Amino acid sequence: KKWKQLSRLQRSVILFLFAFLAVCGVISYTSMGEPWKSLTNKSLDDQRTEPEIPGLKLANPAVLPAPQKADANLGDDPELSPQKPPKPPHVRRGPSNLHIKAPRRDVRLKTRQDTSRVVEELVQADKEEKTEKSIISWRGAVIEPDQNTEPPSSKIKESEKPSSVEAEDQKEPVPINERQTAVIEAFRHAWKGYKDFAWGHDELKPLSKSYSEWFGLGLTLIDALDTMWILGLKEEFEEARKWVANSLVFDKNVDVNLFESTIRILGGLLSTYHLSGDSLFLEKAKDIGNRLMPAFKTPSKIPYSDVNIGRGTAHPPRWTSDSTVAEVTSIQLEFRELSRLTGDEKFQKAVDEVMKHVHTLSGKNDGLVPMFINTNSGQFTHLGVYTLGARADSYYEYLLKQWIQGGKKENELLEDYMRAIEGVKKHLLQTSQPKKLTFVGELAHGHFSAKMDHLVCFLPGTLALGAHNGLTADHMKLAEALIQTCYQMYAQVETGLSPEIVHFNLHAQKGHKDVEIKPADRHNLLRPETVESLFYMYRFTGDKKYQDWGWEILQNFNKYTRVPTGGYTSINNVQNPSNPEPRDKMESFFLGETLKYMFLLFSDDIDLINLDKYVFNTEAHPLPIWVPA
Ligand code: DMJ
């Protein structure tokens with residue numbers, strides 16, 4: 001009745017309004033439906049899909065992602081820029097008992113009803129991931145799950161998170177045996193001397209109860225950081241960490257040797273960062289790394305030997321414009337790793353350039369290099385003298401170790417290494433009398449000298465490491481012969497400690513041993529090379545004789561070099577057991593290398609610095625091996 005009473009105009013308006021509302025209803029239904037569909041079937045699924053990085057295995061890889069190639073043409077794509085590398089999938093690192101688990105991201109959302117369950121799972125997974133990211137384990141390794149995945153600043157924040165250990169990821173710790181306990185005791189004794197009389201200084205002078213300064217950077221303390229970590233000396237480590245945090249300052253008007261500060265300070269900080277996951281050490285590593293860079297500003301790009309880390313200037317030694325070949329070719333592991341961690345390619349670029357240049361140089365003798373290189377011309381100087389000892393030694397070591405670090409892809413390094421070992425066999429190997437010991441002598445302008453530095457005893461370990469990494473078994477045979485010789489350099493001497501240099505007898509003479517020692521060479525500086533090689537030989541063969549030889553050496557260090565009030569000292573005369581003539585100096589490498597290798601030699605736990613995951617720099621600081629191809 002009322003409808004009929006309305007005018008035509010009023011009826012039209014009402015009908016129009018109904019029609020309008022009906023259309024709006026349809027539209028709003030449709031626009032609600034699509035987002036649901038996309039949320040359930042696409043968006044969340046996508047969020048859970050792992051980004052794919054070609055060549056990176058998810059399943060428990062032993063190693064870390066390789067850095068961007070310094071010279072790679074990355075264009076302008078920010079995703080590919082070395083400063084901001086792409087985020088790889090979560091990978092496991094460190095000893096298998098301490099692996100970090102990958103976050104659970106495989107859940108698929110099927111229906112709307114699943115939504116809340118899945119959201120809960122995601123929140124839970126995120127929580128777990130955060131916990132996992134901050135795992136720090138004592139005396140193993142870990143750990144910075146996101147290394148090389150974020151720009152430096154956010155990476156630092158990540159590793160500053162508080163740490164915790166996930167119980168289910170731990171396997172039973174391998175108990176420490178008696179010999180390892182003896183190493184810990186020796187370390188504590190050495191540390192006591194350093195702490196009481198030389199705290200924060202470079203080296204302990206244990207007899208005069210004072211210290212000596214080389215760079216004024218707490219060299220012994222930094223060199224010893226990762227040893228304390230590996231030996232499980234938590235209190236000592238924490239105390240030393242405080243010193244690094246509060247007192248280690250690189251902004252100093254001081255000249256440092258590029259090589260020594262790289263292998264001891266940069267190497268020590270980088271490895272401690274890897275073992276502890278503590279970003280303090282990475283920050284300090286970046287600081288010293290940047291301050292060392294002026295050394296590369298030379299006409300030839302072959303670095304100067306010395307850098308003033310406060311002023312940012314560099315120079316060669318006063319008497320020459322030459323640098324030592326071993327020094328300029330044994331800083332690569334450290335600077336390459338610094339590039340990988342920071343995303344800043346300049347470090348790697350500088351040291352790679354040196355290696356590429358040396359690769360092409362003439363003046364080699366079947367892969368053997370002279371001892372000096374000129375920073376102006378870039379050419380070798382003092383041609384014709386070849387040794388595996390001082391000034392050339394770690395060139396050979398770092399050829400192999402860089403190849404391993406980079407995932408065995410850099411063929412030039414391997415070529416140079418293989419050629420050099422052939423050169424050693426051809427020109428430098430000889431056999432002594434009467435025991436027929438195989439030794440590595442020297443060649444000077446075509447004349448062979450039966451002289452061998454203790455430093456050469458790094459070689460058996462390096463050869464064994466190469467053989468372990470797939471190089472010819474022949475290298476292992478040579479390693480076995482040479483480590484026997486290095487042991488005899490201790491065993492044939494009155495104190496049971498090796499001199500700095502020996503001369504081998506090439507001809508049998510009545511009453512003569514294989515090893516002759518000149519008065520100027522009979523000192524012992526507590527050097528590590530033989531113990532280092534014993535460690536590799538034991539790891540790869542399991543032959544207990546290597547442990548026994550190391551044990552003898554430790555006992556002789558205790559007998560002739562231990563200072564009752566704390567510390568160990570170098571000695572002047574290994575041939576006089578009644579007076580070995582203490583020199584009043586404990587070198588930083590005694591704590592950084594010698595005692596560390598002793599501890600590892602006596603261990604049966606191959607995960608205590610697993611050699612498929614870490615490569616030691618020439619100062620015994622373990623750095624991670626990058627992801628293989
Ligand atoms: C250490 O600084 C390093 O091992 C270097 O390669 C050689 N010299 C000492 C130890 O002898």
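**Exercise 1. The largest pocket**

Task: Find which helix gives the largest share of the lining of the largest pocket, then describe the pocket.

Solution. 
Step 1. Helix H8 supplies the largest share of that lining, with four residues. The model is a predicted one.
Step 2. Now take the volume. The largest pocket holds about 890 Å³ of space.
Step 3. Go to its centre. The pocket is lined by 36 residues, and the closest to the centre are Phe259, Glu260, Glu327, Ala390 and Arg391.
Step 4. List the elements. Those that give two or more residues to the lining are H8 (258-276), E6, H10 (325-328), H13 (393-405), H17 (529-541) and H19 (588-601).

**Exercise 2. A listed position**

Task: Locate Thr618, decide whether Thr618 is buried or exposed, and name what Thr618 touches.

Solution. 
Step 1. Start with the record. An unreviewed UniProt entry lists Thr618 under "binding site".
Step 2. Thr618 sits in the loop between strand E17 (614-616) and strand E18 (622-624).
Step 3. The relative accessible area of Thr618 is 14%. Buried means under 20%, so Thr618 is buried.
Step 4. Find the neighbours. Beyond residues up to four places away in sequence, Thr618 touches Phe259, Ile263, Ser394, Glu397, Tyr398 and Glu593.
Step 5. Look at one partner again.

**Exercise 3. A sheet of three strands**

Task: Work out the strand order of the sheet that holds E6, E7 and E8, and find its edge strands.

Solution. 
Step 1. The order is E6-E7-E8, the sheet is open, and the pairing is antiparallel.
Step 2. Strands E6 (322-324) and E8 (380-381) are the edges, since each pairs on one side only.
Step 3. Zoom in on one pair. E7 (residues 372-374) meets E8 in the antiparallel sense over two bridges.
Step 4. Pick out two residues. Ile373 is opposite Phe380 in E8.

**Exercise 4. Backbone exceptions**

Solution. 
Step 1. Recall the rule. Most peptide bonds are trans, and most residues other than glycine have a negative phi.
Step 2. Gln433 and Pro434 are joined by a cis peptide bond, with omega about 10 degrees. Pro434 is in the loop between strand E10 (429-431) and strand E11 (438-440).
Step 3. His445 has a positive phi, near 50 degrees. His445 lies in the loop between strand E12 (442-444) and strand E13 (447-449). With a relative accessible area of 56%, His445 is exposed.
Step 4. Glu581 has a positive phi, near 55 degrees. Its loop runs between helix H18 (544-560) and H19. At 31% relative accessibility, Glu581 is partly exposed.

Note on methods:
Residues numbered from 1 in each chain as written. Predicted model: local features only at pLDDT ≥ 70, side-chain atom pairs only at ≥ 80, totals over all residues. Heavy atoms only, no water. Pairing = 2+ DSSP bridges. UniProt positions renumbered as here; feature names shortened; annotations may be inferred. Buried < 20%, exposed > 50% of the residue type's maximum accessible area, 1.4 Å probe, protein only. Contact = heavy atoms within 4.5 Å. 1 Å grid on protein atoms, 1.4 Å probe; cavity = no way out; pocket = protein on both sides within 12 Å on 5 of 7 lines; lining within 4 Å. Points joined across faces, edges and corners; volume = space filled by probe spheres on them.
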